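Keep the viewer open and try each task before reading on.

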Amino acid sequence: METQVVIIGGGPSGLLLSQLLHVRGISSIVLERKTKSYVLSRIRAGVLERGLLALMQEAGVSDRMEAEGYPHDGTLISYGDEIFRIDFPEHTGHSVMVYGQTEVTRDLYKAREEAGGLIEFEVDDVQIHGADTDDASVSYTVGGETRRISCDFIAGCDGFHGVSRQAIPLDVRREYEKVYPFGWLGVLSETPPVAHELIYSTSQRGFALCSMRNENLSRYYIQCSLSDKPSDWTDTAFWEELKRRIPEKYAEALVTGPTIEKSIAPLRSFVTEPMRWGRLFLCGDAAHIVPPTGAKGLNTAASDVHYLYNGLRQFYESGDTSGIDGYSAKALARVWKAERFSWWFSSLLHRYPDQSEFDIKMQVAELEFLRTNASAQKAMAENYVGLPY
Ligand code: FAD
Ligand code: DHB
C-alpha cells in the first residue's frame with residue numbers, strides 16, 4: 001500500500017490531521033490500536049480553545065460543535081471563603097468552548113468515514129522504517145496479517161504510550177519530565193452542573209474542579225492520592241469530599257446522583273525534543289503531556305496539528321519545505337508555554353505532601369494577587385483562552 005502521510009494513532013490529533021489533509025487533497029491512512037468504540041469511551045478534555053475551533057471549522061467538522069457546544073466567557077476560582085471570576089472577553093476579546101473531547105473525536109470519525117478515509121482499527125506491532133531516509137514506510141499487523149505502507153511522511157499521533165516517540169534514537173531525543181505527587185479522581189454524572197461556569201477550587205483538603213459537558217451532564221474532579229483506586233471511592237464518599245472542597249454556597253446547591261464514569265489520572269509534565277526526526281513528526285501526547293489543570297492537553301495537541309498540517313500543505317502545494325523544517329521549533333515554542341501555564345496553575349491550586357506553612361502562604365498570596373490584580377488576571381486569561389498560534 002502507499003499513501004502520502006501515514007498517521008499512527010486515531011485519537012483527536014491523528015483524526016484532525018487526517019481530515020485537514022483530506023480537505024487539501026493530501027492522502028493519509030490512520031492506524032489505530034484500539035476499536036472505535038474504545039476510543040470514544042475515553043472521557044477526557046472538555047474545554048476547547050479558539051485555535052482548535054478554527055481548525056475544526058477548516059476541517060469542515062464544526063457544525064455540531066457550534067450548535068451544541070457552550071461558549072464560556074469566564075471561570076471562577078475559589079480558595080477558603082474567597083471566590084472570584086476571571087472574565088475572558090474583557091481581558092482578551094476571546095472565549096472558550098465547552099465541548100467534550102469525545103464529541104470532537106466522534107465528529108472527526110464521522111467526517112473521515114463520510115469521505116471514505118481509511119482508518120485501520122485494532123492494529124498491532126506498528127513499526128516505523130526508514131524515517132531518516134527517502135524510503136519511509138510503516139508496517140503493522142491486523143487480523144493476523146502483516147501489512148506495509150510506503151509514504152512520504154509519518155505523523156506520530158499515538159499518545160504518550162505509543163511507539164512513534166521511541167522510534168527517535170536516544171542520542172537525538174531529549175526528554176524532560178516532572179511527576180506530581182497526586183492524581184485526579186474524575187467522575188461524570190447525569191446531573192445539572194453546580195454553576196454556569198467552571199469552578200477551580202483549592203482548600204485545605206486539596207484541589208477540586210467543577211466542570212460540565214451539558215445542562216444535564218456534569219464533570220467533577222478532586223485531587224486524590226496516587227495510591228487511590230476508583231473503587232476505593234463510593235459515589236457518596238466522592239460527593240462528600242467534593243462538597244468539603246468548594247465554597248459552602250456551591251456545596252449546598254450541588255445536585256448529586258449516581259456517577260456514570262469514575263477514573264483516576266496521574267499528573268505529569270513531560271516534553272520530548274525534537275518533535276521531528278527525518279520524515280517522522282510527533283504530534284500531541286506522543287510528544288508532550290501537561291497536568292490537566294487549565295485544560296491544555298487537547299488544545300496543545302491541536303496547535304501541533306496546526307503547524308504540521310500547514311507545513312505539509314505548503315510542501316505539497318509548492319515544494320517549500322520551510323514549514324516542515326520549522327515544525328519542531330515552532331511547535332515546541334508553544335508547547336513550553338502551555339507547560340508553564342499548566343505547571344503554574346497546578347502549583348497554585350493543589351496541596352503538596354511536603355508543603356511547608358511558608359509554601360501555603362505563598363499560594364494564598366499568589367491567589368490574592370490574582371484576585372485583585374487586573375494584569376495578573378489578563379495574563380491568566382490570555383493563557384486560558386489559548387496563546388495565538
Ligand atoms: P491520544 O488521545 O492519547 O490518542 C492517541 C491514540 O493513539 C489513541 O487512540 C491510542 O489508542 C492510539 N495508539 C497508541 N499507541 C498506538 C500504536 N502503537 N499504534 C496505533 N495506535 C496507537 N486534557 C485536558 O485538556 N483536559 C482533561 O480533563 C484531560 N483529561 C485526561 C485524562 C486522561 C486519563 C488522559 C490520558 C488525558 C487527559 N487529557 C486531558 C489530555 C488530553 O485528553 C490529551 O492531550 C489528548 O487526548 C491528546 O490527543 P492525542 O490524539 O495526541 O493522543
Ligand atoms: C475539564 C478538565 C480540565 O482539566 C480542565 O482544566 C477544565 C475542564 C473537563 O474535563 O471538563
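A residue counts as near a molecule if its C-beta atom, placed from the backbone, lies within 6 Å of it. Please keep in mind that this is a predicted model.

**Exercise 1.** Using that cut-off, find which residues are around ligand 2 and sort them by class.

*Solution.* 
Step 1: The shell begins with Ala45, Gly46 and Val47, goes on with Leu198, Leu209, Ser211 and Arg219, and ends with Pro292, Thr293, Gly294 and Ala295.
Step 2: Sorted by class, the shell around ligand 2 has 6 nonpolar, 4 polar and 1 charged residues.

**Exercise 2.** Now turn to ligand 1: how many residues surround it, and which are the closest?

*Solution.* 
Step 1: The shell around ligand 1 holds 32 residues, and the closest are Gly9, Gly11, Gly159, Gly284 and Gly297.
Step 2: Two helices, α1 (12-23) and α9 (297-318), each supply at least two residues of this shell.
Step 3: The class count for ligand 1 is 14 nonpolar, 11 polar and 7 charged residues.

**Exercise 3.** Trace the partners of strand β11 (residues 145-156), giving the direction of each pairing.

*Solution.* 
Step 1: Recall that strands of a sheet pair through backbone hydrogen bonds, either parallel or antiparallel.
Step 2: Strand β1 (residues 2-8) runs parallel to β11 and is joined to it by 6 bridges; here threonine 3 has cysteine 151 as its bridge partner.
Step 3: Strand β10 (residues 137-142) runs antiparallel to β11, again with 6 bridges, and serine 137 stands opposite serine 150.
Step 4: The hairpin of β10 and β11 has 2 residues between the strands, and glycine 143 takes a positive phi near 55° there.
Step 5: Strand β18 (residues 280-282) is parallel to β11 over 3 bridges, with leucine 280 as the partner of isoleucine 154.

**Exercise 4.** In the open sheet of β3, β7 and β4, which strands stand at the edges?

*Solution.* 
Step 1: The order is β3-β7-β4, and the pairing is antiparallel.
Step 2: β3 (47-48) and β4 (70-72) each have a single partner strand, so they stand at the edges with one side left without a neighbour in the sheet.
Step 3: Between β4 and β7 (residues 96-98) there are 3 bridges, and histidine 72 has valine 96 as its bridge partner.

**Exercise 5.** Compare the radius of gyration of the protein chain with that of a compact globule.

*Solution.* 
Step 1: For 389 residues, a compact globule would have a radius of gyration near 21 Å.
Step 2: The protein chain has 21 Å, which agrees.
Step 3: The C-alpha trace spans about 60 × 40 × 40 Å along its principal axes.

How values were computed: Residues numbered from 1 in each chain as written. Chains lettered and ligands numbered in written order. Predicted model: local features only at pLDDT ≥ 70, side-chain atom pairs only at ≥ 80, totals over all residues. Helix = DSSP H or I, 4+ residues; strand = E, 2+ residues; numbered from the N terminus. Nonpolar A, V, L, I, M, F, W, Y, C, P; charged D, E, K, R; others polar. Pairing = 2+ DSSP bridges. Rg over C-alpha atoms; globule rule 2.2 N^0.38 Å.
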